[in-house]
Amino acid sequence: MKRLLLILLVLLPRLVFAGGEERILSFDSLIQVKPAGDMTVTETITVVCEGNKIKHGIYRDFPTRYQDGSGNSLKVAFEVQAVLKDGLPEPWWTEDKSNGVRVYLGNKNLTLEPGEYTFVLTYRTDRQLGFFEKHDELYWNVTGNAWEFPIDEVTATVELPPGAEVLSTEAYTGLSGEKGTAFTAGRDQHGRAVFRTGRVLTPREGVTIVVMWPKGFVREPTRAEKAKAFFTDNRSTVAGAAGIVVLLLYYFFTWLKVGKDPEEGVIIPLYEAPKGFSPAAVRYVMRMGFDDKTFASALVNMAVKGFLTIDEDPSGDYTLTRKGQDYSGLSRDEARIAKQLFLNRNSLEIKTANHATLKKALTDHRKSLAVDHEKIYFLSNRGILIPGLVISVLALVIIVLLGRSLAQAGFMTLWLSIWTVGCALLVYRAFSLWKAALTGTSQKFLSFIMALFTSLFALPFLAGEGFGLWVFANATSIPAVLSIFTIVLLNILFYHLMKAPTIKGRQTMDQIEGLKLYLSVAEQDRLNQLHPPEEKTPEVFEKFLPYALALDVEQEWCERFAEVLAAARAENRYTNSWLS
């Protein structure tokens, strides 16, 4: 009988292990808080191996990188000091993870036999403590929440520096973020805080403990040490902030030197444009740049002069038709448009098929205005932007080099550079289609369908853009990404701010402002006291309409003449011969 019992005692563990599941029988952690503020942690983990997931040993994930609420990084130390298996030294190695390190305990060249094994992992870490006004605190995830096995029992003992007394304890059990209470807490004979779970933890469940003690037993980092640690942990963020400061200082002092506008003069109503200025030239000088409306105001002025007509067909498409060959009545910039639009033709439809011709005419128009007015009336100072762009690129390169993952940050920089351009084109296309659908006079349904389709088509690409930015932020930091956006916005802002009128240009702008005042102010009685304007006739309306369009006051100008034009049409005294 005794012999039978002996055989059963020997075979029973093997039978249990052969038919059981892999699990952690016990997880014991001894956390020793040092006076210098670091900690030594010894974890004794006893597991049942069945050769399924536990083949060569076990691994332990340890987070070393955290983010605060502002997206700033915090990196803690993790130094393995010893690894044992069943009391004997055991091979180990580490592997970097996205937010920390994974420690493998075991010989990767040796497969474990089914059975029970006890691994001991001892490591050092720092910057895990919280320093408050009246107490210091340890908030510590004992087991982590990455285990794929049940844990039968968890025990944790916190050993404070000599003389430090435990003020209070707390603990939480369950999945990440849960605050279960399946634990007991107390003190042992040495005054150490001791925690023990009251049930089996299922996979992904863990234990987090909180221990508080009086101040003065652990050295709190000085402000200088905290600042040094911040700069070390957030090098990419610091690089981004430094890039913003350097770029802003460069642009600001350069703007003071070359971009500051001369003071405005006294603005009085004027009833004529500056001599020699076409509507397009007026807009070009006032904006110190070219846009589509500059081109449109030139076409309307050419129509008012009788050089061409603008006809709209039932489908909503426009056709420009030349009425004569005489260019003498056109300004220089308008003549450039005419020669390009009506080269070997007398009419041109405004549609996609003629995009190349229209683009060439628009380009020639812009060049003509630049030759006649830029550097005389204003300076664009584009060359000033080159050092700013160099600073911006250097800031981006340094952000990438100092990021958490050079390979990931570098790859995402290249990927986003291409992807962002594609997304911008899609968004611009969708915006244009929606604008046509909402403001067009015909084919609204087709424009609406095209706008909707383009918007839906763009959504996955925009989602990809968001994902790419998220990956880049993980490789650098959220503040670093915000720094890049800020740098881009600064370049765009100062591209416009660096444009500055010359003295002659400022005087001309004051005259144009006087014309705008006349075209926009509805209180004619006040203006009449200063200088009698021309009689309100359809001819006066057409004469100044292109200028009103160029100065963005066409609505006010049309409203002023609405009654005059209506009366003239009723008496058959006015017919718009250039727009139909």
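# A guided tour of the predicted model

Begin by selecting Val427, Phe445, Phe448, Ile449, Leu452, Leu456, Leu459 and Leu462, which make a nonpolar surface patch of about 720 Å². Such a patch is built from residues with over 30% relative accessible area and no salt bridge; nonpolar side chains (Val, Leu, Ile, Met, Phe, Trp, Tyr) are joined within 5 Å, and like charges within 9 Å. Accessible areas come from the Shrake-Rupley method with a 1.4 Å probe, and for residues only the protein chains shown count as cover. Helix α10 (residues 444–475) gives the most to this patch, with seven residues. Leu456 is found in helix α10. Helices (H or I, at least four residues) and strands (E, at least two) are DSSP runs, numbered from the N terminus.

The model is predicted: local features need pLDDT of at least 70, and side-chain atom pairs count only at pLDDT 80 or more, whereas totals for chains, interfaces and linings use all residues. Residues are numbered from 1 along each chain as its sequence is written, and side-chain values use heavy atoms, with hydrogens and water left out.

Next, select Phe131, in strand β11 (residues 129–131). Phe131 has 23% relative accessibility and therefore counts as partly exposed; buried means under 20% relative accessible area, exposed means over 50%, and partly exposed lies in between (1.4 Å probe, protein chains only). Not counting residues up to four places away in sequence, Phe131 touches Asp136, Lys215, Val218, Arg219, Glu220 and Pro221. Contact means heavy atoms within 4.5 Å.

Then move to Thr157, in strand β13 (residues 154–159). Is Thr157 buried or exposed? Thr157 counts as buried, because its relative accessibility is 12%. Leaving aside neighbours within four places in sequence, the contacts of Thr157 are Ser29, Leu30, Ile31, Asp188, Arg192, Ala193 and Val194.

## Helix pairs

Two packed helices are described by the angle between their axes and the distance between the axes. Display helix α5 (residues 292–304) together with helix α7 (residues 355–373): their axes come within 10 Å and cross at roughly 95°. The axes are lines fitted to C-alpha atoms, for helices over the stretch in contact, and angles run from 0 to 180 degrees between N-to-C directions. Helices α5 and α7 are therefore roughly perpendicular to each other. Angles of 65 to 115 degrees count as roughly perpendicular, those under 35 as roughly parallel, those over 145 as roughly antiparallel, and the rest as oblique. At the meeting place, Asp292, Thr294, Phe295 and Ala298 in α5 meet Ala361, Leu362, His365 and Leu369 in α7.

Now display helix α12 (residues 503–520) and helix α15 (residues 554–570), whose axes come within 8 Å and cross at roughly 45°. This pair is therefore oblique. Here Tyr518, Leu519 and Ser520 in α12 meet Glu556, Trp557 and Arg560 in α15.

## Salt bridges

Side chains of opposite charge can pair when their charged atoms come close. A salt bridge is a side-chain nitrogen of Lys or Arg within 4 Å of a carboxyl oxygen of Asp or Glu, and the structure holds 31 salt bridges.

Select Arg60 and Glu43, which form a salt bridge with their closest N and O atoms 2.8 Å apart. This pair links distant parts of the chain, with Arg60 in strand β3 (residues 57–63) and Glu43 in strand β2 (residues 39–49), 17 residues apart. Arg60 is buried, with a relative accessible area of 6%, and Glu43 is buried as well, with 0%.

Continue to Arg332 and Asp372, a salt bridge whose closest N and O atoms are 3.1 Å apart. Here too the pair links distant parts of the chain: Arg332 lies in helix α6 (residues 332–341) and Asp372 in helix α7, 40 residues apart. Arg332 counts as exposed at 59% relative accessibility, whereas Asp372 counts as partly exposed at 23%. Finally for this section, select Arg283, Arg287, Asp291, Lys293, Asp552 and Glu554, which salt bridges with shared partners join into one network.

## Two loop residues

Most residues other than glycine have a negative phi. Select Asp86, in the loop between β6 (78–85) and β7 (88–89); Asp86 has a positive phi of about 55° although it is not a glycine. Asp86 counts as partly exposed, at 44% relative accessibility.

End at Met288, in the loop between α4 (279–287) and α5. The phi of Met288 is also positive, near 50°, and Met288 counts as buried at 12% relative accessibility.
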